[in-house]
Amino acid sequence: MKPVELLQGTLDLLILRTLELRPLHGVGISDRIEQVTRGVFLVGPGSLFPALHRLAEKGWIEGEWGELENGRRARFYALTRPGKKRLAIEKKNWRKVNTAMNQVLAEEA
């Protein structure tokens with residue numbers, strides 16, 4: 001499937017949802033998003049790392065240095081308690097947007 005551009009604001013939701021399952025390093029987050037969306041969303045480092053920094057500044061995620069299986073160091077990000085609350089809000093908002101868009105798109109011309 002051909003990748004598509006992310007809508008404004010959806011990257012944060014994808015990252016928070018991905019980290020809801022378990023802490024991951026940056027490439028792991030990007031790989032997981034690509035896997036779950038079957039390649040529809042490809043998140044490059046130029047988008048991912050600024051988003052991770054922004055979410056950390058807001059207190060929704062926190063990073064901790066750890067070691068990868070190959071011995072290299074990487075920063076692993078985890079969802080914080082405020083991040084879990086924010087994710088719940090974002091999921092609810094997304095469902096509203098999704099429902100509204102589906103209604104508009106299904107409307108006969």
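At what angle do the axes of α1 and helix α2 (residues 26-36) cross? In this predicted model, local features need pLDDT of at least 70 and side-chain atom pairs count only at pLDDT 80 or more, whereas totals for chains, interfaces and linings use all residues. Residues are numbered from 1 along each chain as its sequence is written, and side-chain values use heavy atoms, with hydrogens and water left out.

The two axes cross at roughly 100° and come within 10 Å (axes are lines fitted to C-alpha atoms, for helices over the stretch in contact, with angles from 0 to 180 degrees between N-to-C directions). Helix α1 is therefore roughly perpendicular to α2 (65 to 115 degrees). Leu14, Ile15, Thr18, Leu19 and Leu21 of α1 meet Ile29, Arg32 and Ile33 of α2 (contact means heavy atoms within 4.5 Å).

Threonine 18 belongs to helix α1 (residues 10-21) (helices are DSSP runs of H or I, at least four residues, and strands are runs of E, at least two, numbered from the N terminus). Threonine 18 counts as buried because its relative accessibility is 9% (buried means under 20% relative accessible area, with a 1.4 Å probe and protein chains only). Its side chain reaches the backbone oxygen of leucine 14 at 2.7 Å. Beyond its neighbours within four places in sequence, threonine 18 is in contact with Leu24, Ile29, Arg32 and Ile33.

An open sheet is formed by 3 strands in the order β1-β3-β2, with antiparallel pairing (two strands pair if DSSP finds at least two bridges between them). β1 (24-25) and β2 (61-67) each have a single partner strand, so one side of each lacks a neighbour in the sheet. Histidine 25 has phenylalanine 76 in β3 as its bridge partner.

Technical notes: Buried means under 20% relative accessible area, exposed over 50%, partly exposed in between (1.4 Å probe, protein chains only). A polar contact is a pair of N or O atoms within 3.5 Å; within protein, one must be able to donate a hydrogen and the other to accept it, and residues adjacent in sequence count only if both atoms are side-chain atoms. Angles under 35 degrees count as roughly parallel, over 145 as roughly antiparallel, 65 to 115 as roughly perpendicular and the rest as oblique.
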